[in-house]
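Visitor: I have a model open and would like a quick walk through it. Can we take it piece by piece?
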Amino acid sequence: MNIKESINNRDVVLILILIFFSRTFSYFFLEIKPLDTIDFYMQIFPLDYLHQDLFKTLINGHSQPFGYNLFIGIVLKIFDGNELNSIHFLHNINIFLTTIICVLSIKISKLIFKISNLEKVLLILILSLNPFFIFWENFLLYAHLSCFFHFLLFYNFLLYFKNFKLISFVNIFLNLTFLSFIHALYHPLLLIFIFTLLQIINRRISKKEFICFAFFLILSLAPLIKNYYLFNTFSNSSWLGFNWYATVHAIDHKYRNSCDFKDITEEDIDK
């Protein structure tokens, strides 16, 4: 099957029509829309700092990977610090990402399965009208962007296993690097693991592929090196412990005592 023929213009037009009318209905009639502010998200640095001195804010930030805050800062600069206009723009970006995810899903399905035209239309309906996507489009953190990169990553894995082309290899590690820039879970060690896995499957890695891997590995390590040099922590997020603390406090009280956080937090309070 020709990959370029996996989706045609009519499929794209159908996706666009369904998304346009469903999002218009949910926004204006169901009033499913983003909140009027994003300044309360603790994962986003203060908006004034991002707008006024983006570079310094990112350099001095260590609680979160810099990628999404860089994106927010650029959007704020485009709209001269206007938060409401930035929110509308981010919302539309998320809807655009949903459109791309739907297209990628059709391509992935055609690569893995033999689906009829009717099945393809049903898949388009399920994807385009999925309440899950509508919810995350209106939640203006990096979850939907991460979802997009996951779909793109999986699609390029399939292409690489199909043709072992360099461009698919590059896209795999480009996506992993982007994920490491926006999500603390994606440590650069993951790039080493994926590279080793591909080497085992492919049994031969070209010189160009190794150079590409080394480049993206160094790129993904750069924020960790910066944090180690400035803050003595070799990680892309100093909030990993805080995230674990928040998870423990979401556990039922009768199980929480089995975790050692109770005594630790009491000591912190005493100090």
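Visitor: How many helices and strands are in the chain?
Guide: This is a predicted model. The chain has 14 helices and zero strands.

Visitor: And what share of the residues counts as buried?
Guide: Of the 271 residues, 42% count as buried.

Visitor: Among contacts between residues at least 6 apart in sequence, what share joins residues at least 24 apart?
Guide: That share is 69%.

Visitor: Let's go to H7. Which of its residues are buried?
Guide: H7 covers residues 131-138, and Phe133, Ile134, Glu137 and Asn138 are buried there. They span an arc of only 130° around the axis, so they sit on the same side of H7.

Visitor: Why would residues three or four places apart point the same way?
Guide: Because an α-helix has 3.6 residues a turn.

Visitor: What do the buried residues of H7 pack against?
Guide: They pack against H1 (9-28), H5 (83-112), H6 (117-128) and H8.

Visitor: Take H8 from that list. At what angle do the axes of H7 and H8 cross?
Guide: At roughly 125°, and the axes come within 8 Å.

Visitor: Which residues make the contact?
Guide: Phe133, Trp136 and Glu137 come from H7, and Ala143, His144 and Cys147 from H8. By class, the contact of H7 with H8 has four nonpolar residues, one polar and one charged.

Visitor: Now H8 and H10. How far apart are their axes, and at what angle do they pack?
Guide: The axes of H8 (residues 143-163) and H10 (residues 189-202) are 11 Å apart, at an angle of about 25°. An angle under 35 degrees counts as roughly parallel, so H8 is roughly parallel to H10.

Visitor: Left-handed or right-handed crossing?
Guide: H8 passes H10 in a right-handed crossing.

Visitor: Which residues make that contact?
Guide: H8 brings Phe157, Tyr160 and Phe161, while H10 brings Ile194, Leu198, Ile201 and Asn202. The contact of H8 with H10 has six nonpolar residues, one polar and no charged ones.

Visitor: How far apart are Ala222 and Asn236, in sequence and in space?
Guide: They are 14 residues apart in sequence and 9.2 Å apart in space, C-alpha to C-alpha.

Terms used
Residues numbered from 1 in each chain as written. Predicted model: local features only at pLDDT ≥ 70, side-chain atom pairs only at ≥ 80, totals over all residues. Heavy atoms only, no water. Axes fitted to C-alpha atoms, helices over the stretch in contact; angles between N-to-C directions. Helix = DSSP H or I, 4+ residues; strand = E, 2+ residues; numbered from the N terminus. Parallel < 35°, antiparallel > 145°, perpendicular 65-115°, else oblique. Left-handed = near helix turned anticlockwise from the far one by under 90°. Contact = heavy atoms within 4.5 Å. Nonpolar A, V, L, I, M, F, W, Y, C, P; charged D, E, K, R; others polar. Buried < 20%, exposed > 50% of the residue type's maximum accessible area, 1.4 Å probe, protein only. Arc of directions from axis to C-beta.
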